[in-house]
Every structure is written in structure tokens, then in C-alpha cells.
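Please consider the protein shown below. The paragraphs that follow lead from particular charged residues to the fold as a whole.

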Amino acid sequence: MVHILSIWFLVVAFSGAGLANVIRSSATRNDFVRWGYPPWWGIVAGGLEIVSAAMIAFPVSRTAGIVLGAAIVAAALLSVLRHREYSHLAPLSVFVTLIALAAVSS
């Protein structure tokens, strides 16, 4: 039960984060630029998050999707920590927890 819930929460979380990055509010775009990424990087990040969500949704690609999602979250954590923007750590910790639950409970 924990495994199934963590999988679907991950799908929803990566889908939501991906859509938010693809839609690119001015605040999101400014965050990426402030962190040293090009203005369009949010579209790439969002696309990868949506791909990760789709891969996690299907058992055949779930492991690869979780690995991709973990790489995305790791890169986000490094950016946030490098720029000392600790307010972004709370949502990232949710992703880390869900990824750990999905990986451990499988």
C-alpha cells in the first residue's frame, strides 16, 4: 500500500512541478536565471519532470523514471544549497521522501 501511494504521489508531484516549470511564472523564470541557468531552462527542467512522471506511472519504465526523478531532485538540491535559498528545501524534501519510499518499498 505504501509503495502504490508513494508511486502515485510521485507521479502527481513530478507532473505538477513539471507543469509549473513549463508554464514559467515570472518568479520561476527569475529563480532559474538567478541560479545561473538560461531563461528557457525551466522548460527543459519541466519537460524532464513530466517525462519522469510518465515513466514512473508505468511499471516497465518505473525504475528508470525514479532514477531520472532522483537526478532532477539532486540537481535542484545542489542549486538551492549552492545559492543558499533554503526556502526551497521543504518541497524538495517531499520529493526526496517520496523517492526513498518508492525505492525502499518496491
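**Charged residues and the fold around them**

Glutamate 85 has a relative accessibility of 16%, and it therefore counts as buried, since the cut-off for a buried residue is under 20%. This value, like the others here, comes from a predicted model.

Which residue meets the side chain of glutamate 85 in a salt bridge? The partner is arginine 34, with a distance of 2.7 Å from N to O. This pair links distant parts of the chain, for arginine 34 belongs to helix H2, while glutamate 85 lies in the loop between helix H4 (62-82) and helix H5 (89-105). The two residues are 51 residues apart.

Arginine 34 also meets the side chain of aspartate 31 in a salt bridge, at 2.4 Å from N to O. Arginine 34, by contrast, counts as partly exposed because its relative accessibility is 42%. Together, Asp31, Arg34 and Glu85 are linked in a network of salt bridges. The count of salt bridges comes to two.

Glutamate 49 is buried but has no salt bridge. The nearest side chain of opposite charge is that of arginine 24, 12 Å away. What does the side chain of glutamate 49 join through a polar contact? It joins the side chain of asparagine 21, at 2.9 Å. Leaving aside residues up to four places away in sequence, glutamate 49 touches Phe14, Ala17, Gly18, Asn21 and Ile72.

The view may now be widened to the whole chain. The protein has five helices and zero strands, and its pattern along the sequence is α-α-α-α-α. Among contacts between residues at least 6 apart in sequence, 60% join residues at least 24 apart.

How does the overall size agree with that of a compact globule? For 106 residues, such a globule would have a radius of gyration near 13 Å, and the protein has 14 Å, which agrees. Along the principal axes, the C-alpha atoms fill a box of roughly 40 × 25 × 15 Å. Of the 106 residues, 32% are buried. The accessible surface comes to about 6100 Å², and 76% of it belongs to carbon and sulfur atoms.

Notes
Residues numbered from 1 in each chain as written. Predicted model: local features only at pLDDT ≥ 70, side-chain atom pairs only at ≥ 80, totals over all residues. Heavy atoms only, no water. Buried < 20%, exposed > 50% of the residue type's maximum accessible area, 1.4 Å probe, protein only. Lys, Arg positive; Asp, Glu negative; His and termini not counted. Salt bridge = Lys/Arg side-chain N within 4 Å of Asp/Glu carboxyl O. Polar contact = N/O pair within 3.5 Å; in protein donor to acceptor, adjacent residues only side chain to side chain. Contact = heavy atoms within 4.5 Å. Helix = DSSP H or I, 4+ residues; strand = E, 2+ residues; numbered from the N terminus. Rg over C-alpha atoms; globule rule 2.2 N^0.38 Å. Areas by Shrake-Rupley, 256 points an atom, 1.4 Å probe, with all protein chains shown as cover.
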